[in-house]
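Subject: Structure for you to look at

Hello,

Here is the structure I said I would pass on. My notes on it follow below.

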Amino acid sequence: MTLKKLLLVTAMVLTGSLSAAQAATSEINVAYVKSPFNLQNIVMKQNQLLEKEFQKDGIKINWVSINSGAQQAQAMAAGSLDVSAVMNTASLLMANGAGNKIYIATGVARPTQVFAVVGKPGKQMKIEDLKGKKVAGPKGTALHQILVAALNSKGMDIKDVEFLQMDPAKAQAALLGGHVDAALLAAGLVIKANASGAKTIVTADGYVNPLLVMAASEKFVKENKPLLERIVKVHRQTTKWIGDNYEQAIAMGAKEEGVSLDDAKKLAQWSHYFDVITDNDMNSLKLDQTFLIENGMMQNKVNTDQLVLPMARQ
């Protein structure tokens with residue numbers, strides 16, 4: 001065989017292998033997480049940006065509405081979810097600690113003011129007033145982490161309150177219905193609760209540095225890294241588009257979340273959108289893991305540096 005023929009055969013083999021790998025992926029399951037006001041995710045879905053990116057490859061995008069980070073992690077472990085457009089790092093760390101490997105592909109938001117512990121209507125409550133009281137909210141989330149951190153700051157822990165596992169929407173209903181003394185709420189739920197007379201006790205500020213990221217299952221990272229890189233590319237293009245078309249993006253978010261334009265602007269300002277993971281974010285992951293382990297929310301320590309893919313830092 002001549003060198004020319006050998007090179008031709010090699011090229012055909014390589015091209016064939018690439019085509020076979022591409023053909024093996026006919027669809028990508030992506031978690032759609034609109035709350036707490038995840039504007040990039042809302043714009044990506046509404047404008048069908050991922051669908052347009054992969055249309056020429058014949059790859060279908062399946063949007064799966066899963067707000068809970070813990071449930072997203074379970075879906076990834078079961079193989080029914082490939083990528084989460086938005087996952088909180090507390091859920092990601094706990095999943096990895098349990099042996100369910102999930103990787104960070106890029107950043108989304110640092111919503112320090114979006115998450116809050118909100119007290120029932122009436123007198124303004126302090127965090128120490130929650131001792132012995134009923135507090136409702138989602139366990140194993142950034143909200144749960146904020147509650148524990150705030151309690152710790154006053155020499156208390158989660159055992160000092162009657163914690164009721166509940167998703168934020170139900171927790172808000174329980175709060176306004178007078179069934180609980182405080183609720184762990186986010187974004188529009190905080191604004192609506194405040195409008196009904198409920199008062200914010202604390203936000204994440206000063207207690208936790210919440211980090212929302214785009215995450216992918218170990219299987220998808222190993223088998224479809226080039227596709228993940230393209231998803232990250234679209235996400236970053238969307239972040240830039242939001243900056244360039246702010247009013248239009250805010251209007252889209254307001255409609256999707258069912259809030260006013262003024263409230264949507266407030267939520268966007270609280271969210272602090274970003275896309276590249278920084279050294280400070282890497283340090284926050286380490287601090288979060290320490291906190292989760294010390295408070296019994298995570299059993300096994302992991303190397304947090306290895307959870308951040310190179311593409312997330314570029």
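This is a predicted model: local features need pLDDT of at least 70, side-chain atom pairs count only at pLDDT 80 or more; totals for chains, interfaces and linings use all residues.

Helix 5 itself covers residues 89-97. Nine of its nine residues are buried, so the helix is largely enclosed by the rest of the structure. Those buried residues are Thr89, Ala90, Ser91, Leu92, Leu93, Met94, Ala95, Asn96 and Gly97. At the start of helix 5, Asn88 places a side-chain oxygen within 3.2 Å of the backbone nitrogen of Ala90.

Next, the cores. The largest nonpolar core has 98 residues, and the members that touch the most others are Ile28, Leu50, Val117, Leu130 and Leu228. For Val117, setting aside residues up to four places away in sequence, the residues touched are Leu130, Ile146, Leu147, Ala182, Ala183, Leu184, Thr200, Ile201 and Val202. There is also a second, separate core of 13 residues, with Ala116, Val118, Ala136 and Ala171 among them.

Then there is a helix pair. Helix 10 (residues 246-257) packs against helix 11 (residues 261-271) at an angle of about 105 degrees, and their axes are 9 Å apart. An angle from 65 to 115 degrees counts as roughly perpendicular, so that is how helix 10 stands to helix 11. On the helix 10 side the contact is made by Tyr246, Glu247, Ile250, Ala251 and Ala254. Helix 11 contributes Leu261, Ala264, Lys265, Ala268 and Gln269. By type, the residues of this contact are seven nonpolar, one polar and two charged.

Last, a single residue. Ile42 is part of helix 2 (residues 39-46). Is Ile42 buried or exposed? Its relative accessibility is 0%, so Ile42 counts as buried. Apart from neighbours within four places in sequence, Ile42 is in contact with Tyr32, Lys34, Met252, Gly253 and Glu256. Ile42 and Met214 are 172 residues apart in sequence, while their C-alpha atoms are 14 Å apart in space.

Regards

Note on methods. Residues are numbered from 1 along each chain as its sequence is written. Side-chain values use heavy atoms; hydrogens and water are left out. A nonpolar core is a set of buried Ala, Val, Leu, Ile, Met, Phe, Trp, Tyr and Cys residues joined through side-chain atoms within 4.5 Å. Buried means under 20% relative accessible area, exposed over 50%, partly exposed in between (1.4 Å probe, protein chains only). Contact means heavy atoms within 4.5 Å. Helices (H or I, at least four residues) and strands (E, at least two) are DSSP runs, numbered from the N terminus. A polar contact is a pair of N or O atoms within 3.5 Å; within protein, one must be able to donate a hydrogen and the other to accept it, and residues adjacent in sequence count only if both atoms are side-chain atoms. Axes are lines fitted to C-alpha atoms, for helices over the stretch in contact, and angles run from 0 to 180 degrees between N-to-C directions. Angles under 35 degrees count as roughly parallel, over 145 as roughly antiparallel, 65 to 115 as roughly perpendicular and the rest as oblique. Ala, Val, Leu, Ile, Met, Phe, Trp, Tyr, Cys and Pro count as nonpolar, Asp, Glu, Lys and Arg as charged, and the others, Gly among them, as polar.
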